[in-house]
Structure formats: structure tokens, C-alpha cells
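Dear colleague,

Please find below the structure that I promised to hand over, followed by an account of what was found in it. I would be glad if you read the notes alongside the coordinates.

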Amino acid sequence: MKVLEVERLSIAFGGVRAVSDVSLAVSSGLVFSIIGPNGAGKTTLLNLISGIYAPQDGRVRLGSEDVTGLAPHLLARRGLSRTFQNLQLFLRMTVLENVMVGRHRHESTSILSNLLHLPSVSRQNLQTREAARSGLARVGLAAKAERPAGSLAFGDLRRLEIARALASEPKVLLLDEPAAGCNPVETEELDGIIRSMVKDGVTVVLVEHDMRLVMNVSDRIHVLANGRTLAEGTAAEVRSNSAVVEAYLGVHGSEEAARAFG
Amino acid sequence: MSMRALLHHRLAPVAAIAVILLLLPLLFPSTYYYRIGALVFIFALASLGVNLLMGFAGQVSLGHAGFLGIGAYAVAIGATHLGAPSWLSILGGASLSGLIAFIVGRPILELKGHYLAVATLGFGLLVAIVLTNEAAWTGGPDGMLVPHLVLFGFPLRGSQAWYWIGGITFVVGMVLALNLIDSPTGRTLHAIHDSEVASRMLGIDVARHKLVIFVISAIYASVAGSYLALLNELITPDVSGFLRSIELVAMVVLGGMGSVIGSLVGAALLIVLPQILTILQEYEQMVLGIVVMGFMIFLRQGIVPGIAAALGRMRT
Amino acid sequence: MKKRRVGGVACSPDWETIGGDGARRIDPMAEFLQFAFSGLTVGAVYALVALGFTLIYNASGVVNFAQGEFVMLGGMSTVFLALAGVPLPLAALIAVIVAVAIGLALHRFAIEPARGASAVTLIMITIGASIFLRGAAQIVFDKRFHSLPPLLGADPIRFDGAAILPQSLVVLAGAAIIVALLWGVIDRTLLGKAVIATAANRLAARLVGINTRRIVDFSFGVSAAIGAIAGILVTPITLTSYDVGTLLALKGFAGAMLGGIGSAFGAVVGGLLLGLLEAFSAGYISSNYKDAVAFLVILAVLFIMPRGLLGRAQVERV
């Protein structure tokens, strides 16, 4: 059974068909990448899957359950998590607190017991703190735990967001252009982080522009152009697909590329 | 526990306030000051409620005096028309405020920014209009007399009694607030303040949490309103007026959004200063306006966080 | 005969006729016209306040809660200047100039220093300003109600059984002239184009050399002038006092929301519509809750059609 399945998803904004009739299926424990030129609808597709937009057509399935149109927090409770292209961190909280919030799904004290700060709440705080600390250690941010998140460098912010998303122990993690704005060293680290995630059993859906990262880390690649599916396959298959090359470079550019590669 | 741990304990501010509460009367030159103290603690309780909503959860309420009014008139109407003992009316008012906050909050809290601000403003004014118009129940624009509190046969009236009742209730309110802040709910509210969309993606039911804090803050204001009515033994509709709501927000802004002690500081400043500088009575509105403008332009974080930041800079 | 206060406008129910059997019959058409006219009159004031809101909001993104105080200042300043012996037309002119000056000061000293602050912070600043102006008015003027002599006399004009105050016509005409003038400036002059550009994209406007600061000055000044004129025109009908500003600001905002925040035409339509709704509900339902109509309108718009009648949709990008 596929851990995430999308069937003929469509949405239009005021006449512009942002995503049109897209279907894909993600198998468990894989890195599934979605690529495409600017404006292809990648982020819109992510927003559709993660419940931020409701599709006008089509279905989304998480495991065996139809989750089409469910609100984001309900999807999160079912094991779907995501990071954001423009970083949606809690900048006024500390680095550690950010990851602690990520543990929300696994916290069990009621609002009433929180108000009264019963012993269960102290225990919960401790558990959450410990889990968050080890989450930070995994992405190499343990030393910066008590700093306000807003004071971190950009590359660290990206790692923090991933740590926060991982803290909720998702089954599927959607990464929205995590390498955007990262230098080659940071992108290399990202590669490592993604691989270790997969080893821990998280299925990764990666939306990315950085082709090296995509080609290196993906098990399967789905290409979007103009809101529609252009191609899907392994890295090698997609790389040699002339339609894909054309979509990125244009007809003229791909002819140039063909000439360049002899 | 080491000295350091004691100072940093979650409830350390409570100890400080409790000490102040106990020792302050020793400084009072006359019993009149009990009244000022009572008013400060009562309004600090209300502004603490507003602070939870605005400072922590990042929402805005420009109509919170509406709940002040509901709590106040609950006591007045309960005693005069329903023959209920005042302590029951206080609870009744708090429940009614909570219920109204629950019903009104559901749709209103979906709004953001100036829409939320104006919607809450409208709510506050609506309450004031109802209280002014339904004269059969509320006594109309001239208000109602409120019989004093009687507990287990003991009459509790006058500034001295309400200094202690108000002060202790505020301390309890502080404890609950500080508990909430240092708990999963507190972190959740803080997260919602910083990024709603990220909060949702982590499984947080944003709408529900906003509603919960709105209801809690309404209850705080309602209890404060009930106390106010019992202290003054008189209540008029302007207890829930626009100016009152802005005063509450001003107390929060002054003291420091997100600072529990700041609620007390803000309330103290806005109540004590006009009393001391009686010439300012005439200029009260002008001063309030300048205070709100000044702090929102130049010192948005408020006094207590401002001092804390300055102290932090001095130490380094 | 009893005088009824409908929509803040005093009017004698001339539509009541005594029939042959001595019973009073109310002519529904005349009653309707009466309410409609008083509704349009206050609606014109709301429309001008809403227009002022929209101007400032479009140019700077600020919801100026002090808008209502400009109306108050126009009326009160004129009254007190006239009481001090200044001839009425001059008093009115000075009152408008004072309002404009205060509007500019509001922008330069309260709004500009807080550039970039959140929407709530900005609205709080304007609320602080409105309270300050109210408090100052309390002291500089006084706390009583005041009136001004109507422009065309006080005898009601009979129209189809309804009695209409000539000042109502003055208010409506004045509003129409102001709206037309403003439309002319915005649509036909270079300055108007600059205002539109600033409203559309402030940074882009600056990049093409528009002094956006002056444009926002202009919007504050014009809004103040519009408000002040509205106040002067309507005082003979509704009277004025130091605290009329708050409710007016809220109702103007309701009107702007009803028409669609950001649309000048919508603001005028919304304001007029709100005035009518208020007058009809006060006349046919209950005049006690007249002021509540505006709030109910705000809530209804927010939840049923957030864009208002003529507003533009807003998409939030993640």
C-alpha cells in the first residue's frame, strides 16, 4: 500500500489552472521528489496535499484513508508534516522551544491540568524537553538550544524547521525547497539529514530546484510543468527524458544542450 | 532547591506579589488607600486576562470591558431581581461571560488584524448598548445599586475587605496564568502567536486554542467586574464602555504584553497616577490618549520587559 | 404633535392625517420617504467618513480610527469660533484648516514614526489619537451639545406628505460635490495617478519617483477636510458635541466595510446604505438599538461577504 496517494488533483485560481489532473503515489520509506520549472505548481501541489488549499477535483489518500480536504492540523495528527519554503518558524521562542512545540502531537495533558500544573504536567514538560533536545542533536543544533530562534543563521533556521517537523514523528514529511538559499556545504548536510530520516522510517516528499540534491537523493522523481504531470521515473530516466529537458530549458535551450553534450 | 533555582522558579513572581500584598497596608497613611489598592488588584486581574489573550496568544480585544460589564451586572441583577447571594452571582456572571465568549469567539477569532480589532470593539459597544437600553433589568443609563457581599453570614464590604479579596484573587489568577504559560498549552499559544500556519502543520487546533484563551480571559474580566460592582455598591453601563476597554489594553501595553507582572504594573500606573495627580482628572482622556500613542509608537514592549531588557544589557 | 427622533433627525410626522372618523392614519409612503431622507442624510455623513477611511487606508494601509474626530472638530470648531464673533463662513473655513492641520500632524507625529508596525499597533495608535482629541475637545470646548444655523432656513419642505429639512439637501449636495471633486482629482490629475500608484504598490511608486510621504500627507489632509466639512454641514440637523467622533468612526468603518474596504465608490455606497438601514430599523423596529445596526452590519459583512459589496479579493500567499 502506498503511504501517500494523490489522484487527479486539480485547483484553479481565478481562471489559472495551477494544478491540473495530477496523480502520484508514494511508497513507504522512499524519497519522492517533485520537480519542475518555476510556476509549475509544485508548492500549490504541496499546499493541496497538506490541507492548506482544498482541491476542486481529485482525492488525497494517506495510507488507506481518504483525507481529501481535511484541515492541516487533522492531517498532522494522521502523520503528515511539512516544512515551508519561506520558513514559518516561531522566531520569538528559543530554538529548543520551537522543537518542543513540534512534540505537540505526543503531549497528552489536558488544558485543565495545565492550568493547575498537576504533577503530570511537570512530567510532560520534562519528557517534551528531553525529546526536543535529542531532536536538536540529530540536526546538529544542540549547542544553540537556548538562543532565540530569530538570532540563528539562515542555514541553521532550515535545519531547525526540519528538526521541528521531525519532532512530531511523521510518517510522511513534505519538504518545500529546503535547499533554497543554502550554500553547497549546507546542501550537502541536507542530503545527509534526508538520508538519515529515511533510515528512521520517514517517507520524504521533496520539492526542490537544486538538481544535484534531487538527483543524488531521490528514489523517484515526478516532473510538473504548467500544473500538469510531465514525466515520472527514476533519476536516470527523468534526466534523459527530452520532454523534461525541454520544459526546463525550452526548445531552443534543449537543442543547445544536445549539441553541447555531442 | 538552590537559591538560583528558587529565583527562577515559575512561581517566583507570585511570591513577590504576595509579599507586596501583605506588606503594602503597613505603608497606607489612611484607609482610603485600601480602596486604591483594591481597584489596582481588580483591574490587574482584568488586564491579566486581556494580557493572556493579547500578549501571549497574539490576538486583540478592544471590547473586553464588555465582559467586565457582564460580571458587574450579573451581581447587580442577581441580587436585585433574582434574589441570589452575591457569591453565586459572581460564579453565574463568570459562567455567562464564558458562555458568551464561547459563542461570540468562534466566528470572531477567525478574523485577524484590524478586522478582529473592530469586531471586538463592536462587541464591547453592543454590550454597553444593551446594558443602557434594557432599563427594566439594568436600571438604564443611571445604573443600579449593588448590595454588598455576605459570605457565611459575614458582611464583606468596604475597601479593606476588597483589598484582600481582590489581592488574593489576583494572586490566584497569577498562579493559573503562570501555570498555563509553562505548559504545553502555553507553548501552543506562543506558537500560534508567531505562526498560525506552522502551528497547524504540527497538529495544533488553532481555532480551539484561541477560543479557550478567549474564554479564560473573559472569565478573568468577568470576575473583576463582579468585584468592582461589589466594591462600589453601584454600577453604571460605562463599566463596559469603549473607554474602559481601551484602558484595559493600555494597562497591558504599558506594563508589557506577555508579562504577567506587567499587568499589575500597568494597572497600578493607570489607576494610581490619576488619583495622585488629581489635577489630571480633567485631562484624564488626553493623558490616556497620549499614553496609548506614546507606548505603541516608542515602547511597544512595555515597561516590565523594557526594564528586563535594560537590566540584561547592563549585566553584559 | 409629538416629535420623533429618527436617525438623529428631528421631524414632525406630517404624514399622520386625521380621518373623517377622528382616527389618525399614517401614510406609509410618506413615512417611508421620511425615513429614507433622514437615512440618506446621516448616510451621507457616514459615506464621507468612510471615504476618508478609504483614502488613508489605500495610501498607507492604516485604519484611521480618529476619522470621526475630524467630523467633530469641524462642527465644534465652527461653533466656538462663531460664538467668539468670527463670521460663520470664515469660522467654517478656519475649522476645516484646523482639521487638516491636525490630520497632517497625526500622520507626521503618530503614524510615520511607527512605520512598518503591525496593523493592530497602528489602529491602537489612531485610537489613542482619537481619545486624545476627544479629551482635548472636552477641555478646549465643553461637554454640551451645540448647533449651527441651517444654511437655507429651518422650514421643512413638503414632499409627497413627507417633511424634509432643507439642510438635508445641503448635506446631500455637499457630499455629492465632494465626491465628484475627489473623483475628478483622482481620475484626471497627475496627483490622482500618484495616489492610485501609491495605493497599489508603495515601493514601486517610490521607485518611479513618487514622494509617497507627501501622498500619504495628502490623503490624511483630504480625509480631515472631508470629515470637517461633513461635520459642519450636518451639525444644524444632528447637533454636535465633544464625543460624537467615536460612534461616527465606527459607523464610517462599517460603511467602508459594507462597500468593500479599499473601494472609494464602495465607501460612499456603503455609507449611504448604512444610513438607510439605520433609519429604517430605527423607524420600523426600535430606535433604542439604532447604534447597534452598524455593529451588526460589520459582523454580517465580516462573516458573510468579507469583500463587501464592491471590494477586491485578497489572497494570502504561503
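Two strands count as paired if DSSP finds at least two bridges between them, where helices (H or I, at least four residues) and strands (E, at least two) are DSSP runs numbered from the N terminus. With that in hand, A:Val6 stands opposite A:Leu24 in β2(A), and strand β1 (residues 4-13) of chain A is joined to β2(A) by 7 bridges, the two running antiparallel. Both strands belong to an open sheet of 4 strands in the order β2-β1-β4-β5 (chain A), with antiparallel pairing, and its edge strands, each pairing on one side only, are β2 (16-26) and β5 (65-66) of chain A.

Please keep in mind that this is a predicted model, in which local features need pLDDT of at least 70 and side-chain atom pairs count only at pLDDT 80 or more, whereas totals for chains, interfaces and linings use all residues. Residues are numbered from 1 along each chain as its sequence is written, while chains are lettered from A and ligands numbered from 1 in the order in which they are written.

As for confidence, pLDDT being the predictor's confidence in each residue from 0 to 100, chain B has a mean of 88, with 96% of its residues at 70 or more.

Turning to the interfaces, where contact requires C-beta atoms, placed from the backbone, within 7 Å, 33 residues of chain C are in contact with 32 residues of chain B. On the side of chain C that touches chain B, α4(C) gives the most, with 16 residues, and by class this side has 25 nonpolar, 6 polar and 2 charged residues; here Ala, Val, Leu, Ile, Met, Phe, Trp, Tyr, Cys and Pro count as nonpolar, Asp, Glu, Lys and Arg as charged, and the others, Gly among them, as polar. B:Val292 touches residues of both chains, including B:Ile246, B:Ala250, C:Met124 and C:Ile127, not counting residues up to four places away in sequence.

The contact between chains B and A takes 23 residues from chain B and 31 residues from chain A. On the side of chain B that touches chain A, α9(B) gives the most, with 7 residues, and the classes there are 11 nonpolar, 7 polar and 5 charged.

With kind regards

Technical notes:
Two residues are in contact if their C-beta atoms, placed from the backbone, lie within 7 Å.
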